[in-house]
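Please keep the sequence and the model in view while reading.

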Amino acid sequence: MISTLLQVVMESDTATVVQAEFEKLSVLNLLLKGGWIMIPLIILAVIAAYIFIERYKVIKRSSEIDANFMNKIRDLVLNGNIEGAKSICMSKDNPTARMIEKGISRIGNPLKDISISIENVGNLEVFKLEKKLSSLATISGAAPMLGFLGTVTGMIQAFYKLSTAGNNVDPGLLAGGIYQAMITTATGLAIGILAFVGYNILTAMIKKVVFKMEATTMEFIDVLHEPA
């Protein structure tokens, strides 16, 4: 009876120690156990976060346009106040205003030439919005591959230690390599998934901005068709 009680107490103490060790294993300590491959993974994570935040702010700002913007432009253009219409466009820091400003500066030329000028500016503005997105897409694909590379190197280390241990095979020898393999894989996949989601969010935002640019351009062309 006494021996049974002692065994239960010892098992309870062991479980407590294991739980305490698990709680001490912070996220930072866990990442450090991933080995050197974690350095490029962390760098990719920082770059991806920077690109997403920076692009999100730029695209968000580009999508904001005064609801009465085209009403003001219409009134000024129809009243012949071209300089006033240009001033309103120049006071706005967004691609739509820059496209309309280009169109206003071409008033007096054939409508086809005005449309081409606006379209050229629009293409340049879309190119600016999509800046750095290719890097984010590259990270979404490269991070998991880098994680898998860490998996391979970790397993190689584990089997190398196993082969050199001879008859003194210790599970701890394998645990280190497998530990590194699992951490790098999980980290690479996490970075890749977050970068992929961020890329798709930014792409969807750009599509909305392009739709607004096209709608405003058509509205501006309609203004030019109206009798003065």
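Predicted model: local features only at pLDDT ≥ 70, side-chain atom pairs only at ≥ 80, totals over all residues.

Local features are given where pLDDT is at least 70 and side-chain atom pairs where it is 80 or more, whereas totals for chains, interfaces and linings use all residues. Residues are numbered from 1 along each chain as its sequence is written, and side-chain values rest on heavy atoms, with hydrogens and water left out.

**Helix pairs**

Helix α3 covers residues 38-63 and helix α8 residues 133-164, and the two pack at an angle of about 155° with axes 10 Å apart; the axes are lines fitted to C-alpha atoms over the stretch in contact, and angles run from 0 to 180 degrees between N-to-C directions. The angle makes α3 roughly antiparallel to α8, the word used for angles over 145 degrees, while under 35 is roughly parallel, 65 to 115 roughly perpendicular and the rest oblique. On the α3 side the contact (heavy atoms within 4.5 Å) is made by Pro40, Leu41, Leu44, Ile47, Ala48, Ile51 and Arg55, and on the α8 side by Leu133, Ser135, Leu136, Ile139, Ala143, Leu146 and Gly147. These residues divide into eleven nonpolar, two polar and one charged, where Ala, Val, Leu, Ile, Met, Phe, Trp, Tyr, Cys and Pro count as nonpolar, Asp, Glu, Lys and Arg as charged, and the others, Gly among them, as polar.

The contact is made by Ile82, Ala85, Lys86, Cys89 and Met90 of α5 together with Ala97, Ile100, Glu101, Ile104 and Ser105 of α6, and its residues divide into seven nonpolar, one polar and two charged. With axes that cross at roughly 160°, α5 and α6 are therefore roughly antiparallel to each other.

| Helix pair | Crossing angle | Axis separation |
|---|---|---|
| α3 and α8 | about 155° | 10 Å |
| α5 and α6 | roughly 160° | within 8 Å |

The chain has nine helices and zero strands, helices being DSSP runs of H or I of at least four residues and strands runs of E of at least two, numbered from the N terminus. Of its 228 residues, 31% count as buried, that is, under 20% relative accessible area, with exposed meaning over 50% and partly exposed in between (1.4 Å probe, protein chains only). Among contacts with a separation of 6 or more, 77% join residues 24 or more positions apart.

Leaving aside residues up to four places away in sequence, Met70 touches Ile100, Thr216, Glu219, Phe220 and Val223.

**Individual residues**

Lys132 lies in the loop between α7 and α8; its phi is near 75°, a positive value in a residue other than glycine, and at 26% relative accessibility Lys132 counts as partly exposed. Ala190, in helix α9, is partly exposed as well, with a relative accessible area of 36%. Ala190 and Ser140 are 50 residues apart in sequence and 9.4 Å apart in space, C-alpha to C-alpha.
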